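Reader: I am new to this structure and would like to go through it slowly. Could we look at it together, one question at a time?

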Amino acid sequence: MIATVGLTGGIGSGKTTIANLFALHFSIPIYIADTKAKELVANNKQLQQEIVALLGEEAFVEGRYNTSFVAQEVFSNKEKLDKLNAIIHPYVQQDFLQWKQSQQAPYVIKEAAILFESGSYRDCDFIIMVTAPLEERIKRVMLRDKIDRETVEKRIKNQWNDEKKIELSTFVIENREIDKNLDKIGIIHSKIVKMTAENVRN
Ligand code: ATP
């Protein structure tokens with residue numbers, strides 16, 4: 001059985017940047033849960049019906065996901081956000097397991113912003129947590145998504161704080177100077193390969 005490594009971190013911490021390095025340098029298959037969730041919402045009719053039942057017909061305009069409406073509805077209403085995530089999560093989990101079956105590698109990486117909040121960390125063999133100073137994260141996301149500070153802060157507020165996540169993680173990558181990341185990743189990769197090999201032997 002291939003091991004599952006969960007990779008998470010707060011918004012703008014650099015999860016995708018780090019996940020891509022594992023793929024590029026060590027040929028590790030990566031599953032980006034947020035991207036897959038968007039694909040599933042765009043294409044799965046049953047999932048779309050469940051979202052409409054929660055948020056109303058306005059959630060889709062001419063068959064397309066109305067992201068600005070949905071963001072407005074859920075990012076200032078934690079209960080609705082939790083409900084939406086609870087609807088989407090089982091579809092992503094099923095899709096992930098199906099995807100994993102066709103991968104060949106010592107382990108796969110599942111990158112998810114809400115790995116802990118969704119409870120899916122419990123299905124991971126190891127967890128990598130990416131951290132970066134809060135102020136830097138806010139600036140990175142403002143720049144990347146062309147959104148204002150308030151919008152980023154609102155999204156951050158809905159996530160668990162880093163301390164709580166670090167406690168439950170196997171490895172922590174502090175993502176500050178970008179050129180230091182490859183060394184850190186190399187060490188973690190070797191450790192995971194060793195641990196998975198030991199598990200297979202036992
Ligand atoms: P989200 O949760 O919003 O999906 P993320 O955690 O996946 O974000 P990335 O998209 O990897 O974060 O990084 C956020 C932005 O910060 C990107 O534009 C990325 O290029 C940049 N970035 C990542 N790491 C660093 C770093 N060490 N120094 C400067 N910029 C960085």
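Reader: Which residue of β5 does Leu7 stand opposite?

Author: This is a predicted model, in which local features need pLDDT of at least 70 and side-chain atom pairs count only at pLDDT 80 or more, while totals for chains, interfaces and linings use all residues. Residues are numbered from 1 along each chain as its sequence is written, and side-chain values use heavy atoms, with hydrogens and water left out. Strands (E, at least two residues) and helices (H or I, at least four) are DSSP runs numbered from the N terminus, and two strands pair if DSSP finds at least two bridges between them. Strand β1 (residues 3–9) runs parallel to β5 and is joined to it by five bridges, and across this pairing the residue opposite Leu7 is Glu111.

Reader: Which residue of β5 stands opposite Tyr31?

Author: Strand β2 (residues 30–32) also runs parallel to β5, with three bridges joining the two. In β5, the residue that stands opposite Tyr31 is Lys110.

Reader: How many residues of strand β5 are buried?

Author: Buried means under 20% relative accessible area, with exposed over 50% and partly exposed in between (1.4 Å probe, protein chains only). In a regular strand the side chains alternate between the two faces of the sheet. In β5 (residues 107–111), Tyr107, Ile109 and Glu111 point one way and Val108 and Lys110 the other, all of them buried. The strand is thus described as mostly covered, and the number of its residues that are buried is five of five.

Reader: Which elements do the buried residues of α4 pack against?

Author: Within helix α4 (residues 67–74), the buried residues are Phe69, Val70, Ala71 and Val74. Contact here means heavy atoms within 4.5 Å. The elements that these buried residues pack against are α3 (45–55), β4 (64–65), α5 (78–101) and α7 (149–157).

Reader: Which element gives the most to the lining of the largest pocket?

Author: On a 1 Å grid over the protein atoms alone, a pocket is an open set of points with protein on both sides within 12 Å along at least five of seven lines, where a 1.4 Å probe fits, and lining residues have an atom within 4 Å of a point. Of the 49 residues that line the largest pocket, the closest to its centre are Asp34, Lys38, Phe75, Ala113 and Arg155. Elements giving two or more residues to this lining include α4, β5 and α7. The element that gives the most, with eight residues, is α5.
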